[in-house]
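Please walk through this structure with the model open beside the text.

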Amino acid sequence: MVYENPEGIKIGLEIHVQLNKLKTKMFCGCSSDYHNAAPNAQTCPICLGLPGTLPVLNKKAVEAAIKVGLALEGEIAEETQFHRKNYFYPDLPKGFQVTQYDFPIVSKGKVVIEGEDGEHVIGITRAHMEEDPGKLVHLGSIEKSKGVLINYNRSGMSLIEIVTEPDIRTPKEARRFLDKLRNILEYLDIFDGNLEGAMRVDANVSVYWGTRVEIKNISSHKGVERALLYEIMRQKNVIRHGGKIIQETRHYDEGRGVTISLRTKEEAEDYRYFREPDLMPMRVVGWIPSVRETLPELPDAKHARFIEEYCITDMHARALTSKIMLADFYESICAKGVDPKIAATWTADVLLGELNYRDLAISSYDGKKIFFLNTKGMKIENSFKVSDMVELVPLFAEGKISDRSAVEVIRSILDSKGEKSPFRIIEEKGLSKAEDDLVSKVVAETIAENTGAVQDYLGGAEKSLNFLVGQVMKKTKGTADAKTAREFLLKGLKG
Amino acid sequence: MAKWMSVAQVKEQIEESSAEEVISGYLEVIKKSKINGYITVSEKAIEQAKKIDDEGQDGLLAGVPIAIKDNISVKGLPNSCGSRILEGYIPPFNAHVVEKLLVAGAVILGKTNMDEFAMGSSTETSYFGPTANPWDLERVPGGSSGGSAAVIAAGEAPLALGSDTGGSVRCPAAFCGVVGLKPTYGVVSRYGVVAYANSLEQVGPLANNVADIAILMDVIAGYDRRDSTSIDRKMAYQKALVNDVKGLKIGIPKEFFGEGIHPDVEKAVWNSIHKYEGLGATWEEVSMPNIKYALASYYIIAMSEASSNLARFDGTRYGFRNNGENWNAMVSKTRAEGFGTEVKRRILLGTYALSAGYHDKYYLKALKVRTLVKQDFDRALAKIDLLMAPTMPNPAFKIGEKIEDPLTLYLSDVNTCPINLAGVPSISISCGFTDGLPIGLQIIGRPFEELTVLRAAYTFEQITDYHTKRPLEVA
Ligand SMILES: [Zn+2]
């Protein structure tokens, strides 16, 4: 089946990725770990743009950009070249942003996503390096702000701007692309997507192959999907009512879920790009082989290897490789010699399901435990150990605890904030699987105590059997295996 | 104490008395100044001198005073760039060259007057008023490093630093009868020097004689990792102080003797060339056909870069601010009142030259011309060792004479700005007088061949006495 794209939707994305895992900023020695610093504490004459200061390019930022280029299967430029993008804004201390213009470090890459009709290739036009401006803090809402504070801690952070071809056909594909991109970048260990402002997206969208509209600065993947859904609807409405789409830039109001016009093309700024005379071109072509050597196994390769090596399903492999921390966590469990298929089920289905239910995301993995963030991006005091799975999986594999009990154990570990071990929970809650003779004893009791249901069943009401199974489970507090209970009941009822 | 001293004489004086006494002597002279050469006189100079006396510092410039152009950052001293817009701004760091000076034991006397943001050839565009030429107080000292050249000519400092974007060290050196060097681009770090046009400018030394220029170069030149355009190349400049030009091939580019050149200037320069011939050098005329486009190319590039460099002065973080009803209004009002007319003119022209629709026509074309000019220098300097020409086509003009006519003023850079486009080294030395005003000889060398330039200049000093002449007006 080929996706026809009946509404002629074309979506292109520009993603600003902050290289927040580099130790220092792009052109100065200031720490890039500014999220918990006091306002303007992590600044120096260079990132404040004091007169007379000059930029010195952070080689690690260039290496990271090359890494991204290689991971996106792009072409790497032989040397770096920077331009100045000139505009006035209070967060921009030099009155220009150092960026790359007609000579980006990366061009012509691609990312393959699960599209509307199977594998779909999204072309990467280019990826270039640039510096982040500072941050404005509005006192009150943007429209009715009483004043603005400026925090330059972010000023001069290394960014990579990744620009896609307009190959995306639905808002869902846009979100999948962003999830995939974030995943790749996290694999490269240059970026922590959980940090505020780590990934900011501008989206270009048009309907019926028409004029494109740009939506600026959307901060979440969910937000991108919603903004695009809204904008596509808006554009279709305009056309339905005989209107014309004008080329413009819009802002996405996350609270109201709508896009608002910022400026039209006529009002577009002229950035007066010209070569940054303070940065000489740096030849990097020689670096490429050594950077390539540092390239880790990427999500697609890991996905294929997991299927091959651990004999797990495509679905499980996809879920487990969707985050590098989770993939590493899973492999640590397997390395302890437990059944990888069962470990995959309990990690990908149960643990991930439970985290999803609790609105928790995996924030980090330290080789022993995974840690979590809540929806607000705050680290929470909870964790899940590799050893928890290593204890749990064999107990289940050897039939010592039931399906239901295993789920209970995982929930209890999370309830205990990662404090309690599976053994302790099983013991405290008496979750060891009931022995067969106990089950047959309980089955006999159940048949004797529920003559009505037994009669109904023998009279042809098949449903009554489920009721009886339920009674057995209740009496054994869930430690019986439901399948065994059903078998024993059938035997008993026949007799 | 003698008023005009060489570095060697200053050091002798310090031996005999103390650094403190020498510095107080200079501060006394500065107090009686008639030229408005300094914007700021350092209150710490005496303290610094005492410390050097106490610690027995033995650096190359131990206790030697120096004046610094007011666009080169000195930690703790205002750095006005001759502008109102930097009112109250005190840099929290030292420029690379200042660090080097302090390590060598130099004592910073103060910060010198300049054309606002180095935009000018007369030091008249300074917010702090014009500096007078010590040879004729009604005349300009040249610019933009007019303060630095004038204080040396007036005996208010033995050494000074300037910056040269299109002639800003050599022009005032010529007008004030002192020595000024513009080094090869990349030889001296620009870290801490407020940018006017980054791709063109270099910090340059000014002094009474060539030997002192070499000493100062030994201190300030060298690689600095904070300046990406800095070049890692070690040179011992004092080794150039050799009295010998035998066999040197000198090129005379006729394009530098164009229309409007003062006959006495032309005569003085030719006299100098014949002196070199007498010492065993040879000369030939060379042609540099693209020089006639250099001035236009230079101004477009410099103004374009300036329009971007000066964008940071918006009143938000430091310096002068004029409040408005919102941020945009504040920025407009701040820049309208903080910048002078010439700076605003250049920002506007530079903005225009970089704008969509004009970028290719002006900025890109200027870059292409720059390449052609560079090729002219490469070609000329391939067969000869040095080029010689007048630094300025005319001697110092009167204060107020040209300030209302920017184009005429721009034209005075015609012989100096091609050197910045090419990035080559060039020195201006005194080679004569006309009506009591000094005339400058410009000696231009191959990239990184400052040693040859200095040797030729040094040799000239050995057979002439122009560099020993002092202005009577300030004596
Ligand atoms: Zn910094």
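In helix α11 of chain B, the buried residues are B:E342, B:V343, B:R346, B:I347, B:G350, B:A353 and B:L354. They lie on the same side of α11(B), because they cover an arc of only 135° around the axis. The arc is taken from the directions that run from the helix axis to the C-beta atoms. Buried means under 20% relative accessible area, exposed means over 50%, and partly exposed lies in between (1.4 Å probe, protein chains only). An α-helix has 3.6 residues a turn, so residues three or four places apart point the same way.

The model is predicted: local features need pLDDT of at least 70, side-chain atom pairs count only at pLDDT 80 or more, and totals for chains, interfaces and linings use all residues. Residues are numbered from 1 along each chain as its sequence is written, chains are lettered from A and ligands numbered from 1 in the order in which they are written, and side-chain values use heavy atoms, with hydrogens and water left out.

Now look at the other face of α11(B). The side turned away from the buried one carries the exposed residues B:T341 and B:L348. Helix α11 of chain B runs over residues 341-354. Its 14 residues should span 20 Å at 1.5 Å a residue, and the end C-alpha atoms are 20 Å apart, which agrees. The expected span is 1.5 Å times one less than the number of residues. Helices (H or I, at least four residues) and strands (E, at least two) are DSSP runs, numbered from the N terminus.

What do the buried residues of α11(B) pack against? In chain B, they pack against α9 (294-309), α10 (327-338), α12 (359-383) and α13 (406-411). They also pack against β15 (274-275) of chain A.

**Between the chains**

Contact means heavy atoms within 4.5 Å. The two chains bury about 2700 Å² between them, 61% of it on carbon and sulfur atoms. Buried area is the accessible area (1.4 Å probe) that two parts lose on being put together, summed over both.

How many salt bridges does the rule find across the interface of chain B and chain A? It finds 1. A salt bridge is a side-chain nitrogen of Lys or Arg within 4 Å of a carboxyl oxygen of Asp or Glu. A:D278 forms a salt bridge with B:R190, and their closest N and O atoms are 2.9 Å apart. Both residues belong to a network of salt bridges that links A:R84, A:E276, A:D278, B:R190 and B:D227.

**Chain A as a whole**

Chain A has 15 helices and 19 strands. Its C-alpha trace spans about 95 × 55 × 50 Å along the principal axes. Of its 495 residues, 53% are buried. It is divided into domain 1 (10-291), domain 2 (297-431) and domain 3 (434-494). These bounds come from an automatic or database domain assignment. The centres of domain 1 and domain 3 of chain A, taken over C-alpha atoms, are separated by 62 Å.

Helix α15 of chain A covers residues 482-494. Its 13 residues reach 18 Å from first C-alpha to last, close to the 18 Å expected at 1.5 Å a residue. The buried residues of α15(A) are A:T484, A:A485, A:F488, A:L489 and A:L493. Seen down the axis of α15(A), they fall within an arc of 160°, so they line one face of the helix. The face turned away carries the exposed residues A:K483, A:K491 and A:K494.

**Salt bridges within a chain**

Over all chains, the structure holds 56 salt bridges. One of them joins A:R283 to A:E78, with the closest N and O atoms 3.1 Å apart. The pair links distant parts of the chain, 205 residues apart. A:R283 is in strand β16 (residues 282-283), while A:E78 is in the loop between β2 (75-76) and β3 (79-80). A:R283 is partly exposed at 49% relative accessible area, and A:E78 is partly exposed at 45%.

A:R256 and A:D253 also meet in a salt bridge (3.1 Å, N to O).
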